[in-house]
Amino acid sequence: MIFLASLSLVLLSVSLVNAVPIKTSDIVVNAAKGLRLLSLAEGAEPVWKTEDEALDLLRSGIKFFDVTEVYALEKASSSAKVAAAAVVYPTPSHQTALKPILATVSTANMQSYLAKLTAFNNRYYKATTGASASTWIRDTVAGIATTYGRTDVSVKLFTHSWVQSSIIAKIPGTNPSGQVTILGSHMDSINLSSPTSGRAPGADDDGTGSVNLMEAFRALLASGFRPTDPVEFHWYAAEEVGLLGSQAIATSYKNAGVSVKAFMEMDMSGYFKPGTKEVMALQADYISPDLNTFLKALITAYSRIPWAMDVACGYACSDHASWYKAGFPTSFPYEAITGNDNPTVHSASDTISVTGFSWAHSLEFAKVAVAFAYELAI
């Protein structure tokens, strides 16, 4: 979920002096005390905060990377960013093949998936219901692969030090060494008034993005999709508390030398403010300009609604930022221009009954997800 906060507020909490790298032993000791290591601004040294202080930052609209889990791994990398492999993104050209696939993308399926996700009291990363939601997504996505006889497709939990897991579904390519196309969303939710036990249905944030990817995955497998290059679908844990799940996975891919062709985040797709123009708002920062150019052409070719550029979403505003930080090309189509987006997130009111929620709107994002995977990997 996007937040905007003034840079001055952020910098009040950040020391900009060069610091000696933090020892892994110190991270272990401080984490055991309940402290979290937060990166609050690009180029600034991370600072230790209590979990309550971290939540207060979120309540103030200040986003951050919680680097407690990845700091040592990032420092162990040879450089701050990997050199992105050269990618020439294609002009969308598979309309004939894609049109019948897109016609099968089902609002009813997404409604069914979202009803299950929002039935959990919350999907907080430390809650048992958050862990159960991860398992449900894994089992449901694996069931889709089984339904279509795809024994070559893998669906696995990516476990973390907290109880909630991320989920990774892999569709292999006929060229197994080809660059990977990744579509991601976050499956956790949060009630900022009462994170652990408060009701947080997270229908839009990020239930919509999560079910967009589930339905895109289903539609592709139902079509017999066998790409040349690998495609992956990710559902991240713990996005709401500092992009923990996506950082862990992006850092592991970087350190393993995985070559990523493109990453697209799907974080909120179900709402636009009544009376405003319906668009797909493309994020303007922490993205790859070349990939954004491709995404513009993709939306024009395959969506009934136009794209528009959003305002800059700022530091660490969603999971695409984890992949950008790791040096991979990223993009992020958002439900509306910031300010016209859903005002009920992070509360018990984030449901499909809010005025402005539109399944017809969200459907377009699922279609773009299908087209993104197909055009880049076929």
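Predicted model: local features only at pLDDT ≥ 70, side-chain atom pairs only at ≥ 80, totals over all residues.
## Aromatic pairs

The whole structure contains 16 aromatic pairs. One of them joins Tyr253 and Trp323. Their centres lie 5.5 Å apart, with 90° between the planes, and the pair is edge-to-face. Tyr253 belongs to helix α9 and Trp323 to helix α11 (residues 320–325), so this pair links parts of the chain 70 residues apart. Tyr253 is buried, at 8% relative accessible area. Trp323 is buried too, at 0%.

Phe332 and Tyr334 form another pair. Their ring centres are 5.7 Å apart and their planes meet at 65°, so this pair is edge-to-face. Phe332 is buried at 0% relative accessible area, and Tyr334 is buried at 0%.

Ring pairs also build a cluster. Its members are Tyr236, Tyr253, Phe263, Trp323 and Phe328.

Most residues other than glycine have a negative phi, and most peptide bonds are trans. Ala238 has a positive phi of about 55°. Ala238 is in the loop between β7 (231–236) and α9 (244–256), and is buried at 0% relative accessible area. His346 has a positive phi of about 65°. This histidine lies in the loop between β12 (333–334) and α12 (359–377). His346 is buried, at 9%.

The bond between Asp205 and Asp206 is cis, with omega about -5°. Asp206 lies in helix α8 (residues 203–222).

Terms used: Residues numbered from 1 in each chain as written. Heavy atoms only, no water. Helix = DSSP H or I, 4+ residues; strand = E, 2+ residues; numbered from the N terminus. Buried < 20%, exposed > 50% of the residue type's maximum accessible area, 1.4 Å probe, protein only. Phe/Tyr/Trp six-rings, centres within 6.5 Å; stacked < 30°, edge-to-face > 60°.
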